[in-house]
Amino acid sequence: MKAFVLMGHGGPEMLEYHIDWPEPEPGPGQVKIRVGACGMNNTDVNTRVGWYSKDVTAATSGDGFEKVGEDDPAWGGAPITFPRIQGADVVGEVVGVGDGADNGLIGKRVMVDCWLRDWTDPLNRDKTGYFGSECDGGFAEYTVVDQNNVRAIDSNLSDAELATFSCSSSTAEGMLSRANVAEGDVVLVTGASGGVGSALVQLARRRGARVVALASEDKHDLIRELGADAVLPRDPGDLPDALQKAIGQNRVSVVADIVGGAIWPRLIDVLERGGRYTCSGAIAGPIVEMDLRTFYLRDLTFTGSTVVEPGIFGNLVGYIERGEIRPVLAATYPLEEFHAAQDAFIKKRHVGNIVVVT
């Protein structure tokens, strides 16, 4: 089959296109999917370059780093095996099943839940893996996955549109769930033009919250269309003043952050007493400065969010089928143009998600 294969950590040259890669066959309890589309995410780039290693302290980059720890280069703090086909956001048709899997899935269009679990102990985060990291994923014509990781989808959306949801929207919903976002909250979203950020805007509004989004100014109109109550520059300078002018108050109840970097202390400073900070990324840099007095004197709650609760993916499929959230498809690229797709993704000039189609 055709596949883009990651041969090791490093720059874009570590991704190789093959037209004769072995086609996978489903094992016990697995399904085989003919991939229609697969979304691209920060995890793909961060894993390729080894950014998750504690030896790396800079912002995310697509070029690779001089020094990457051998023991902790992937999201889970452990090495992964190469060669590896990446890609978590698979949408496609089930074309085969392994022993013990449901034959009724054959012919169904499905979305893939990117979190691999021990399905006898699904709440145990220590037993989780990531599709396209701890096993081969979807940047190929075919892939296999446990039947518990697929959901049939009843939707008029295209495969490419559906491939914008799984990772980005489940990540966003996981963050909002950890922060207990509800009606009456004011949520400040960083990086609002990306896949997770644009999902945060929609899903926070779905929960009845008011949303203030940070993004480059040329992207503001599109983010307003997603439901943001106010959109501020990516670095608004005097953040309390900017909030006051935009929404009539200089504090927020929740910060949903995927950026980190130099602006981080100012994000924490605008949290109200009892406010909540939730984080699932640090694309502008993972090392930040923190004043612990702000943290404890203001009774703040901080939550990290990576592995989401098992029920979130099923809920997400329901939101899509009922039209409660919409896809934000920035561009599609054929599989053979994967390098161009990842280059466009890294440049971050788009709003929403970039998707590879087969």
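**Rings and charges in a predicted model**

User: What does Phe295 count as at 27% relative accessibility?
Analyst: Phe295 counts as partly exposed at that 27%. Buried means under 20% relative accessible area, exposed means over 50%, and partly exposed is in between, using a 1.4 Å probe and protein chains only. This is a predicted model, where local features need pLDDT of at least 70 and side-chain atom pairs count only at pLDDT 80 or more, while totals for chains, interfaces and linings use all residues. Residues are numbered from 1 along each chain as its sequence is written, and side-chain values use heavy atoms, with hydrogens and water left out.

User: OK, rings next. How many aromatic pairs does a search of the whole structure find?
Analyst: The search turns up 10 aromatic pairs. One of them is Trp75 with Trp115: their ring centres are 5.0 Å apart and the planes sit at 75°, so the pair is edge-to-face. Rings of Phe, Tyr and Trp (its six-membered ring) pair if their centres lie within 6.5 Å; planes under 30 degrees apart are stacked, over 60 edge-to-face, and the rest tilted.

User: Where do Trp75 and Trp115 lie?
Analyst: Trp75 is in the loop between α1 (42-49) and β4 (89-97), and Trp115 is in strand β6 (residues 115-116), so the pair ties together parts 40 residues apart in sequence. Those labels come from DSSP runs numbered from the N terminus: helices are H or I with at least four residues, strands are E with at least two.

User: Is Trp115 buried or exposed?
Analyst: Trp115 is buried, with a relative accessible area of 5%, while Trp75 is partly exposed at 22%.

User: And back to Phe295, which residue does Phe295 form an aromatic pair with?
Analyst: Phe295 pairs with Phe302, and the pair is tilted: 4.7 Å centre to centre, with 55° between the planes. Phe302 counts as partly exposed, at 27% relative accessibility.

User: Which residues do ring pairs link into a cluster?
Analyst: Phe4, Tyr17, Phe139 and Phe338 are the ones linked that way.

User: Which residue lies over the face of Tyr319?
Analyst: Arg206 does, at 3.7 Å from the ring centre. A charge sits over a ring if NZ of Lys or CZ of Arg is within 6 Å of the ring centre and within 35 degrees of the ring normal. Lys348 lies over the face of Phe345 too, at 3.9 Å from that ring's centre.

User: New topic: how many salt bridges does the structure hold?
Analyst: The structure holds 19 salt bridges, each being a side-chain nitrogen of Lys or Arg within 4 Å of a carboxyl oxygen of Asp or Glu. Among them is Glu309 with Arg178, whose closest N and O atoms are 3.6 Å apart. That pair links distant parts of the chain, 131 residues apart: Glu309 is in the loop between β15 (301-304) and α9 (311-321), and Arg178 is in helix α3 (residues 166-178).

User: What does Arg178 count as at 19% relative accessibility?
Analyst: Arg178 counts as buried, whereas Glu309 is partly exposed at 28%.

User: How far apart are Lys347 and Asp343 in helix α10?
Analyst: They are four residues apart in helix α10 (residues 338-347), which means about one helical turn separates them.

User: Last one: which residues are linked in a network of salt bridges?
Analyst: Glu23, Glu25 and Lys32 are.
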